[in-house]
Amino acid sequence: MRVLTISLCLSVIVSSQLSCRVRAQETPPIAGNDEVAEFIKNFSGRGTLSDGSQPTLASDAAKQFRMRDGFEIELVASEPAISQPLFLSWDSRGRMWVAQYRQYQFPAGLKVVRYDQHLRAVFDKVPEPPPHGTPGEDRITVFEDTNGDGTYDSHKDVITGLNIASSVQVGDGGIWVLNPPYLLFYPDANNDDVPDRDPEVHLSGFGLQDTHSVANSLLWGPDGWLYGANGSTTIGTVSSAATQGVEFEGQCVWRYHPDTKEFEIYAEGGGNTFSLDIDSKGRVFSGTNGGRTRGFYYPQGSYSQKNWGKHGPLTNPYAFGYFHQMECQGDDRRFAQAFLIYEGGLFPPQYDRTIVAPNALHNLVWHSQLIPTGSTYRTEDNENLCESPDRWFRPVYAGVGPDGAVYMADWYDTRLSHVSPLDDWHKESGRVYRVFPQDANPAYTLGDLQKLPSNQLVDLFQHPNKWVRKRAVLELGWRGDRSILQRLIALVEQDNSLEALWVVNLLGELNHRRAAQWLKNADEHIRRWVVRALGDRHEGIAEMATSAEKEPAVQVRSQLAATAKRVPAEHALPIIRQLLTHSEDLDDPHMPLMIWWALESQAEAWPQVEALFSDRALWKLPLVREQIASRLMQRYATSGRGKDLRRCARLVELAPDQESKNVLLVGLNRAFQGRTIPQLPDSLEHTLKEYQASLGNSGLMIALRQGSEAAVRDALRVVGDRSEDLGVRIELTRGLGDAQNKLALEPLIQLAVGARTSEPAHQRVAMIALRRFDDDSIASQLIGRFGSSISAEHELRDTACRTLATRPAWAKALLREVIAWRLREKDVPVDVVQQLRSYEDPEIVALAEQAFGKPIIISSEQKLAFMRRLQGVLSQPQADANAGKEVFAKKCATCHKLFGEGNTIGPPLDAYERGNVNFWLVSIVEPSAEIREGFQSYAALTVDGRVITGMVSAQDTNSVTIRSADNQTTTVAREDLETLRALKTSLMPEDVLKDLSDQQIRDLFAYVSQGARR
């Protein structure tokens, strides 16, 4: 074993190892207020925290590794040259660039003003991009082998003063630094490592809420885009010069094109995504912080699993499914955060295309086979590549260098867990290692690729190291030399060279004629990348549909589906139509959802979708009948817009037989269970009622209504059986709630928290059914899953909040979650806040005021001033009624109906003086001034302690029916009703315009006033 120590200063390690430990009894400098200071002092850290042990000298630590036979490990760099290394990359001269994350865990110059339950911080401001604002301790350092002997013998700091800098790449004219919330570009035209000027901000808006999960892992793709990952507990609203306000919550893979300035989400979901690799065929992978896997495979445009409650919903509410992590056979411990696919050419051949996955938690490096399974992959573990008894060994990055060795950045700290607000990291240590076969002498000897003639770069397409091949591709693309075009074309057509295709694409020479020809290439990866490149340009050609019909390779079909999301409908729908004929994809782990996401992306192209489903033969295809039709119906129904509901009715008309109609009705039923049901077209409402009645008229349902305990037991068996019809399970779940049999309590809880069902509609119905049971454990069970299975997705958390608001004890528990910062105030629906405020219990009143503040009493003068301001806003002529329609759908249509769209919880608006601005102003600013007859709000208190608020939709001598703000109806027998009192305030909040810009207000008024007399 060789040990190469660049520079080691014992005094620095020994004297300063405790210098930056934060003492819990001191006022934390990061605290922006007393409340945060107290929170930090009292927070009990979780996970692998500092244990007070001492670090081992770098030279000694390198000797402790237990290596797999035939391999050795070598120390490449260590403290004091580096500390807290987070990321490595290499430039075209083979030099190693190190991102030192020394500022972690708090950005310089910021104060925390609040934490949430997951220790995500709200800071007092957004930091300025370096070099402005408070400088941080992060830096970018480059290491160079000056004599070609394979040893990095010199180093220098290139950029200092960075503030949460997670990764670096060099190329395309300079140095790219990911320094959330920014992507910075330091121009360096002469490659002297001295930036020519202050950095350009190419991207802004990445989240900083958790610096353990920021944007990370910059990586050049062979298509010329810069790829990156985002961790699980930060939220982004990212903008570039060409793309504005791309919003996402949590983990994803994203990319940015330096020339077009486009930013987009490449794929969404994953674990705490803090690594990224693109294999030699251009496929994207990452590691994860979860167990029982080595990571995720990301087809373009796909959605993968995440911890929904903690990490937030997907950007697409109509995804209706997601991919899982790669299945793993072997060690199921957490976690393979760092990840690479080895294609470096230095290891023995059996290691090619295998996974190397360092595990920082268990101080080892996994080695796993990557095995195709349909269009995706699974893994099987081999013997570990290396292990260390030193619990300070924390490998946080792995990559293959220009010499073919595997490099690892070792954070080197006894602490690993971020779940503590104390900044007691050991900031003076860090190492870089490389692993290679014992008989190898790894060294990069190709010199500066930027200086090689173009034809010599093309020759490097045959190099055994993927890094060299890709770097040659990139240099040719950045160079823009078209003199080699004919040679590249010949390489594609004669040698199936994927690298040559990539350069043709980078040069802008993949025209439609050439693309159509290469779609017939014998190599599936050529075909796949032709489809991919066209989709990246949002261009379709007719030949892609022909390709989709005959394509034998499943990953090419997967890419065809991904590209169908990106091209115009006239090209996308023919592709989708042909993909649906591949019944062999029905059981593929990915393909049904890839095809669904392609179709969903074109759902607004209704004429083409209608034409597609007018084909009676289509309905007979297994993929349509089992995977697509129900989802399409659910998608249109879930939107709730009038035009989409009419599309639902049309789909029912197009269905050629009763079996097809029933498939559609499953989707329709799934869309509406446990949530607001909008006004349906008459034919659709009649069809839905008939379907639901058929479910409810089963013998078991009738027996359940009659109170049979045997029926309760039978119903419990059915509702927990995922092979049973979903509609039947939902109706029986509702019936179990009505029966109020104690045998059903625990099974209903298990359904509500998602333990016995994977259907959000079923979860929502179970939560509503639980309202009938007076049991305090229900509140703790629901609240306990807010961070996981009861998420914002599919209105699950909203439904849980509405359930919790129905009983005093549950309401108190919900309010305490908000007060303790475990539930954000904004995550509680407005109608729930109003219901909580309707309680007269002094304790609940006090808790509600502590959670949401005292009810704002606006004086008449303030209301008049607000109305005058609105009149001024509305006096400006620039307004877009189409944009206003979208505002109406979000802010008003939940309760009000206009132009045939929306709900009827509040009065329909068509007949009002819609052209009279003063009418609107009074109604919006002071909604309780005049409550229209029939829309008075009531609070019903039942004898079993429930509080139900809403409008009385029906009553007779036997019962009262209350319709709540989410359009759910509850019928209470008169003998079960303790009190029924009118509420003084309207269900409509007085601050309904609070979150709207002046332009949105003008757009909204333009829409609601359409066609009205003025």
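A nonpolar core is taken here as a set of buried Ala, Val, Leu, Ile, Met, Phe, Trp, Tyr and Cys residues joined through side-chain atoms within 4.5 Å, where buried means under 20% relative accessible area, exposed over 50% and partly exposed in between, for a 1.4 Å probe and protein chains only. The model is predicted, so that local features need pLDDT of at least 70 and side-chain atom pairs count only at pLDDT 80 or more, whereas totals for chains, interfaces and linings use all residues. Residues are numbered from 1 along each chain as its sequence is written, and side-chain values use heavy atoms, with hydrogens and water left out.

The largest nonpolar core holds 164 residues, of which M96, F461 and F613 touch the most other members. With residues up to four places away in sequence not counted, F613 is in contact (heavy atoms within 4.5 Å) with L599, L618, W619, V624, I628, L632, L651 and L654. Another core, of 51 residues, lies apart from the largest one and includes A711, V718, L748 and A766.

Two peptide bonds are cis: one joins P130 and P131, with omega about 10°, and the other runs from R334 to F335, with omega near -10°. P131 lies in the loop between β6 (121-123) and β7 (138-144), and F335 in the loop between β22 (327-329) and β23 (340-342), strands being DSSP runs (E, at least two residues) numbered from the N terminus.

D193, although not a glycine, has a positive phi of about 65°, and at 8% relative accessibility this residue counts as buried. R353, likewise not a glycine, has a positive phi of about 60°, and at 21% relative accessibility R353 counts as partly exposed.

Terms used. Helix = DSSP H or I, 4+ residues; strand = E, 2+ residues; numbered from the N terminus.
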